[in-house]
Amino acid sequence: MHTTRSKIYTAAHKTPTTFVMVNNEMDMRKRKKTMIIIVSILCTIILPVVAFMALSPQFGGTATKTIQNTYSQSPQYRNGKFANIGDVKMEVSGSKFWAMIKEQFNTHPNATPKKTPQIVQMDSSNMPEYNGDMRLFWFGHSSFLIQTNGKNILIDPMLGQSASPVPFVGVKRFNKQLPIDIEKLPKIDLIIISHDHYDHLDYGSITRLKDKTEAFYTPLGVGSHLVSWGVDKHRISELDWWQEIKLDKLTLACTPAQHFSGRGKWFNDQASTLWCSWVIKTPEKNIFFSGDSGYGQHFKTIGEKYGPFDLALMECGQYNELWKEIHMMPEETIQAGKDVQASVVMPIHWGGFKLAMHDWLEPITRASIAANKLEVKIISPQIGEGIILNGETPVTVKWWEASNRNLIIDINAVAKD
């Protein structure tokens with residue numbers, strides 16, 4: 001009887017312990033299964049991203065440590081990054097961050113054109129031998145071909161269809177066709193780059209242009225991208241702000257801009273290369289190209305040092321009050337044109353891609369209103385239309401007005417004092 005009770009007692013007291021052990025084993029199995037699922041999901045997401053960045057050439061290259069060490073000589077290079085004058089930068093913290101997120105989800109029905117904008121087809125037959133007055137062709141956005149003193153110059157030749165590292169889901173060009181095929185362009189003497197963002201520096205365009213281009217001129221650091229794309233490093237010249245280079249009768253000056261840089265590689269390359277504007281000076285003509293920039297004192301400084309200019313190609317598009325530190329509003333574009341002492345201003349950085357939420361024709365419309373108010377001459381050629389600088393103000397038709405009739409623009413926002 002004692003033995004039976006002992007067995008019953010022992011069994012009764014072992015049973016709860018057994019249940020606890022079984023439950024713990026089940027919990028451990030669940031946790032292990034959950035961890036496997038989490039790790040699998042992370043691997044499914046992270047590994048393709050890592051592989052994509054590692055294997056995709058469009059992200060560009062990185063300067064070697066030796067080259068990076070030379071950047072310390074630049075007044076613009078601080079704490080391992082390039083910086084604007086006065087350390088101006090776009091703030092994205094707090095309420096401003098949430099305002100940006102909200103803006104992305106607002107509807108903007110006229111941010112892209114309803115119909116493909118008309119372009120002028122460029123005649124390639126007379127390009128190789130052209131030796132007349134300075135001639136410019138606009139490809140939309142900020143890309144130009146300039147022919148002057150027997151030289152062919154390309155500025156920010158983004159001639160691809162997508163301003164994104166992921167072409168099939170990225171921002172698409174308004175026009176599927178360019179005014180001229182890259183292969184029909186004449187031999188290019190020099191390509192000038194303002195900064196490394198995708199809407200200004202395009203992998204596909206560079207790979208198609210590199211074998212027909214004599215030399216490349218970029219701000220500090222941007223050459224590393226070109227080298228990674230197969231451009232001979234000896235054909236690349238990197239300049240800091242206020243540095244100049246003379247090429248026969250042509251003078252190039254790398255001048256300040258108020259912007260930033262980065263192509264998103266490993267999510268840590270922001271401000272690893274410099275950004276700039278350019279002065280292009282010949283014995284007959286003086287041109288200013290703003291690159292991308294917020295409004296700042298640097299425009300007056302450039303005007304005092306290098307002006308007056310026969311023509312200023314001024315950024316005007318992809319702006320928003322939330323990031324006006326790095327992109328000018330249209331009214332600021334015209335004021336900046338006055339600051340650099342330009343006889344004529346051409347608003348650019350519009351007509352090619354939707355990179356902001358404003359109506360696609362709002363930049364040129366607001367700039368025209370501001371120019372009229374400030375008595376500044378502006379031109380707005382069609383994409384592909386040749387503009388000749390022969391001492392007279394080029395005559396251009398306001399081709400965009402017909403497309404602009406159905407757009408509604410807040411005049412109160414435009415007519416600021």
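Where is Asn149 found? Asn149 is in the loop between strand S4 (144-148) and strand S5 (151-155). Strands here are DSSP runs of E, at least two residues; helices are runs of H or I, at least four, and both are numbered from the N terminus.

A word on the source. This is a predicted model, where local features need pLDDT of at least 70, side-chain atom pairs count only at pLDDT 80 or more, and totals for chains, interfaces and linings use all residues. Residues are numbered from 1 along each chain as its sequence is written, and side-chain values use heavy atoms, with hydrogens and water left out.

Now the backbone. Most residues other than glycine have a negative phi, and most peptide bonds are trans. Asn149 has a positive phi, near 50°. Asn149 is partly exposed, at 33% relative accessible area. Buried means under 20%, exposed over 50%, partly exposed in between, with a 1.4 Å probe and protein chains only.

Next, Asp156. Phi is positive here too, near 40°. Asp156 sits in the loop between S5 and strand S6 (188-192). Buried or exposed, this Asp156? Buried, at 0% relative accessibility.

Then the cis peptide bond. That bond joins Gly307 and Pro308, with omega about -5°. Pro308 lies in the loop between helix H6 (298-306) and strand S13 (311-315).

Last, the whole protein. The protein has ten helices and 16 strands. Of its 417 residues, 52% count as buried. Take contacts, meaning heavy atoms within 4.5 Å. Among those between residues at least 6 apart in sequence, 69% join residues at least 24 apart.
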